[in-house]
Amino acid sequence: MKTLLGGDATDPTAARLWALLSQHPEPTFTLDLTGQLRWANEAFARLVGHGAPDALRDRPFVSLVVPEQRPVLAAALAAMATPGDATGGDGGEAGSWRVEFEGPDGSLAIAHVTVAPVAVDGAAFALQGSARDVTVFEVVEEQLHARTF
C-alpha cells in the first residue's frame, strides 16, 4: 500500500507520519504544484463545509474560497510553486493569509491559512498547508466593535 507521497504505508516511519497528519486536530491539507488538493484531513473538510476529505481530492484549492479572494490566492500559490530555492529567495517562500471559505451550502468560515512548499534536494514537489479557524473570534470581535464605537 502506498501513502499520499508514494511511500510504503507498511514502513513504520511512513505510517507514523501519515497518522500525524491525518489525525491532527487542526485543519491540514496538501496541494500539488498546480494548486489542486491532493489530500486533506477531516478537520479541513469540516472547516470548508464538506463531510468527507475524499470529496475534496483533485479540486482546485481556490474553488473553496470566496470569489473575491480567488485571484490573489491563486497568484500567491503559483508564485510559491515556481522552481527555485524552496527555502526562500525568488520564489518558493511560505505564505500566510486570512481566507474566507465558502461551503457548498453558502456558509462562511474564516481561517488563517499558512502554506509552504515541501522540497527535496531544493526542488518543491508539493505545498503543505494548515489552517486555524477564526470564524467565532472574528464574529465576536465584530460584535464588540459594533457596541464600542
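The accessible surface of the protein chain amounts to about 8700 Å², and carbon and sulfur atoms contribute 58% of this area. The model is a predicted one. Of the 149 residues in the chain, 36% are classed as buried. Four helices and five strands make up the secondary structure of the chain, and from the N terminus these elements follow the order α-β-β-α-α-β-β-β-α. Among contacts with a separation of 6 or more, 39% join residues 24 or more positions apart.

The largest nonpolar core holds 25 residues, of which F29, F44, F61, F101 and V113 touch the most other members. At least two residues of this core come from each of β1 (28-31), β2 (37-40), α2 (42-47), α3 (70-80), β3 (95-102), β4 (108-120) and β5 (123-133). The largest share, four residues, is supplied by β4. In soluble globular proteins, nonpolar side chains tend to be buried together. When residues up to four places away in sequence are left out, the contacts of F61 are F29, L31, G35, L37, F44, L73, L77, F101 and V113.

An α-helix has 3.6 residues a turn, so residues three or four places apart point the same way.

Conventions:
Residues numbered from 1 in each chain as written. Predicted model: local features only at pLDDT ≥ 70, side-chain atom pairs only at ≥ 80, totals over all residues. Heavy atoms only, no water. Buried < 20%, exposed > 50% of the residue type's maximum accessible area, 1.4 Å probe, protein only. Contact = heavy atoms within 4.5 Å. Areas by Shrake-Rupley, 256 points an atom, 1.4 Å probe, with all protein chains shown as cover. Core = buried A, V, L, I, M, F, W, Y, C linked by side-chain atoms within 4.5 Å.
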